[in-house]
Amino acid sequence: MNIWPPQSGSSKRLQLIGVGLLTLALTLRLLHFVDRYTVNMLFRDQFDFLQSFFDGANMWTRFAWQHGPHRQGLGAILLTVIYDLSNWNTRVEGWVTAGILILTCLMALWLKYRITRAIVWGDAVIPLIFLTLFQYEQFAL
């Protein structure tokens with residue numbers, strides 16, 4: 001919420017367009033990255049946390065499966081749906097992960113707008129946080 005100085009309508013529109021264009025550019029960059037670097041191959045610890053899938057376990061066992069200090073939870077249910085629908089294509093998992101990141105970025109921007117009724121230049125940090133490539137291991141390792 002900006003109290004000082006008052007902003008004109010064109011300044012508000014310019015900020016909204018600027019943050020929107022940044023979000024679009026980062027989204028396209030993320031989608032290009034996923035398209036270029038995801039592979040259709042199980043690797044590293046996927047064999048461990050997918051053991052319940054290999055064992056033919058039911059949904060509750062997959063939900064409660066513990067890999068390290070954490071439980072799989074809803075992630076295992078989502079993986080069940082992804083792998084069943086894609087014939088175990090792990091590239092689809094990367095695309096779904098990217099889609100979730102993009103959706104959460106848009107939801108964060110929407111929430112910020114709902115709270116303050118404005119999108120300002122400082123809100124550019126929201127897409128920079130959500131759509132960063134520093135979390136590349138979710139897609140490419």
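Started with the side chains of D35 and R91: they meet in a salt bridge, N to O at 3.3 Å. This is a predicted model, so I read the distance as a computed one. I checked where the partners sit: D35 is in helix α1 and R91 in helix α6 (residues 90–116), so the pair ties together parts 56 residues apart in sequence.

D35 comes out partly exposed at 43% relative accessibility. R91 is partly exposed too, with a relative accessible area of 22%; the cut-off for buried is under 20%.

How many salt bridges does the count come to? It comes to two. K112 belongs to helix α6, while D123 sits in the loop between α6 and α7 (125–130), 11 residues apart. Both K112 and D123 are buried.

Back to α1 for a length check. Its 29 residues should span 42 Å at 1.5 Å a residue, and I get 42 Å between the end C-alpha atoms, which agrees.

Next, which residues of α1 are buried? My list reads Q15, V19, T23, L26, T27, L30, F33 and V34.

Last entry: a nonpolar patch on the surface. I17, L21, L24 and L28 make it up, with about 400 Å² of accessible area together.

Methods:
Residues are numbered from 1 along each chain as its sequence is written. This is a predicted model: local features need pLDDT of at least 70, side-chain atom pairs count only at pLDDT 80 or more; totals for chains, interfaces and linings use all residues. Side-chain values use heavy atoms; hydrogens and water are left out. Patches are made of residues with over 30% relative accessible area and no salt bridge: like charges are joined within 9 Å, nonpolar side chains (Val, Leu, Ile, Met, Phe, Trp, Tyr) within 5 Å. Accessible areas come from the Shrake-Rupley method with a 1.4 Å probe; for residues, only the protein chains shown count as cover. A salt bridge is a side-chain nitrogen of Lys or Arg within 4 Å of a carboxyl oxygen of Asp or Glu. Helices (H or I, at least four residues) and strands (E, at least two) are DSSP runs, numbered from the N terminus. The expected span of a helix is 1.5 Å times one less than its number of residues. Buried means under 20% relative accessible area, exposed over 50%, partly exposed in between (1.4 Å probe, protein chains only).
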